[in-house]
Amino acid sequence: MLNYILPFIVLILIVVFIHEYGHYYFAKKYGVGVTDFSIGFGQEIFGWNDKSGTRWKICWIPLGGYVKFFGDRNVYSQSDHKEILEKYNEEEQKKLFILKPLYQRTLIVFGGPLANFLLALVIFFSIYTFVGKDFTPAVINEVQKESPAMVGGLKQNDIILEIDGNKVESIMDVSKFITMSTDEIIDFKVKRSYDELILKVKPNIVPGKDNLGNKLNKRIVGIKLGAYNNEINHVKLGPAKAIYHAAHEVYYVGISSLKYIGAMIFGKADTSQLGGPIRIAKISGQVAEFGVLAFISMMAYISISLGLVNLFPIPMLDGGHLMFYAFEKALGRPLSQKTQEGFFRIGLFLLISLMFFTTFNDLKDLGLFN
């Protein structure tokens, strides 16, 4: 159990700290007073005050964090500031989040997800620069008899160039692109002799396990891969190429995640793969056993997921605030407090429902439910 908990705490501390620091950075940049910077919820374990009066603290429940602004920022964009103007003097009003221009409030809120994406970018950039990236072409060594690949026309010695329009730069990409595909038919672009062909393969969905032993429904096409000419091409990249490939990975993971979530909503993807803190803790411990590099890579993917989820237009998340600011920009005034309260009730219901659903999946994954 300790082998799961410690990596999970380290991962959450770093990813949540980066997220909250994104909010904190833009808040300080635009002169908003920050009273609390908390990693975790609940009772404080330890903390300290900096010179500006911000309380930096670690709390007992490591499932998130928050930045609290001076004046106890109201989550509703108040249309009447009369009460605020009467409560605070002129100097204090300069530190209030609610009185800042719309673009500044937008950047402060967006700063959290942005920081998560930048963390992933830095991690991938560092890996590609100092460790390297694999560019080994994927060659089909074997096509299993009566498999979807054979039915679709794939053959031995085909070189896989693209999967669903995604360029296959490495043998490592093939499994990833097949797993992340949500379409009933997967398009394979292959090179055969001197010809380039596009073949359509309908994968089989079978119960299985991932490389860590976790249960999932696998998309199987029935091929075995090998390195082109049996040569592994693993190279360290220069800064320009490293930043390009790092940005591409962040973009691909973000877009693929959105497509997968959309497919789950419409019943076209496996909802059992949607997990919460328990599954993250389990996988964190499993991945940590493979070494620091694997753990840091996972941190990048979790950071992207955190940034992405927080941008969903659900009240109580950053995306919900950004949705309100979009209404404010379009209408020329904030939504009424009553309207926003209604949205927040809906948002709370959605988040609680999601929490119960992911927790059920986590417990089912642990074998507590059949």
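Analyst: A helix here is a DSSP run of H or I with at least four residues, and helices are numbered from the N terminus. The model is a predicted one.

User: Which residue takes a positive phi just after α10?

Analyst: Helix α10 covers residues 318–331. Just after α10 comes a positive phi of about 80°, and the residue that takes it is Gly332.

User: What distance does α10 reach from its first C-alpha to its last?

Analyst: The helix has 14 residues. At 1.5 Å a residue, 20 Å is expected. The distance in the model is close to that, at 20 Å.

User: Which ring in α10 has Arg105 over its face?

Analyst: The buried residues of α10 include Phe324 and Tyr325. Arg105 lies 5.3 Å from the centre of one ring, over its face, and that ring belongs to Tyr325.

User: How far apart are the end C-alpha atoms of α9?

Analyst: Helix α9 runs over residues 292–310 and has 19 residues. Among its buried residues are Phe295, Met298, Ile302 and Leu308. At 1.5 Å a residue α9 should span 27 Å, and the model agrees, because its end C-alpha atoms are apart by 27 Å.

User: Are the planes of Phe17 and Phe37 stacked, edge-to-face or tilted?

Analyst: The structure holds 17 aromatic pairs. In the pair of Phe17 and Phe37, the ring centres are 5.5 Å apart and the planes are at 45°. Planes under 30 degrees apart would be stacked and those over 60 edge-to-face.

User: How many residues apart are Phe17 and Phe37?

Analyst: Phe17 is in helix α1 (residues 2–29), and Phe37 is in strand β1 (residues 34–49). The pair links distant parts of the chain, with a separation of 20 residues.

User: Is Phe37 buried or exposed?

Analyst: Buried means under 20% relative accessible area. Phe17 has 32% and is partly exposed. Phe37 has 1%, so Phe37 is buried.

User: Why is the pair of Tyr24 and Phe37 given its own class, and which class is it?

Analyst: Tyr24 is in helix α1 and Phe37 in strand β1, 13 residues apart. Tyr24 counts as buried, at 10% relative accessibility. The ring centres of Tyr24 and Phe37 lie 5.7 Å apart and the planes are at 75°, so the class is edge-to-face.

User: Which residues are linked by ring pairs into a cluster with Phe17?

Analyst: The cluster linked by ring pairs holds, along with Phe17, the residues Tyr21, Tyr24, Phe37 and Trp56.

User: Which element gives the most to the lining of the second largest pocket?

Analyst: The second largest pocket has a volume of about 300 Å³. Of its 15 lining residues, those closest to the centre are Asp164, Asn166, Tyr252, Ser256 and Lys259. Elements that give two or more residues are β6 (166–167), α6 (171–180) and α7 (239–265). With 6 residues, the element that gives the most is α7.

User: How far apart in space are Ser52 and Gly33, C-alpha to C-alpha?

Analyst: Ser52 lies in the loop between β1 and β2 (55–69). Its relative accessible area is 45%, which makes Ser52 partly exposed. In sequence Ser52 and Gly33 are 19 residues apart, and in space they are apart by 8.5 Å.

Terms used:
Residues numbered from 1 in each chain as written. Predicted model: local features only at pLDDT ≥ 70, side-chain atom pairs only at ≥ 80, totals over all residues. Heavy atoms only, no water. Expected span 1.5 Å × (residues − 1). Buried < 20%, exposed > 50% of the residue type's maximum accessible area, 1.4 Å probe, protein only. Phe/Tyr/Trp six-rings, centres within 6.5 Å; stacked < 30°, edge-to-face > 60°. Lys NZ or Arg CZ within 6 Å of the ring centre and 35° of its normal. 1 Å grid on protein atoms, 1.4 Å probe; cavity = no way out; pocket = protein on both sides within 12 Å on 5 of 7 lines; lining within 4 Å. Points joined across faces, edges and corners; volume = space filled by probe spheres on them.
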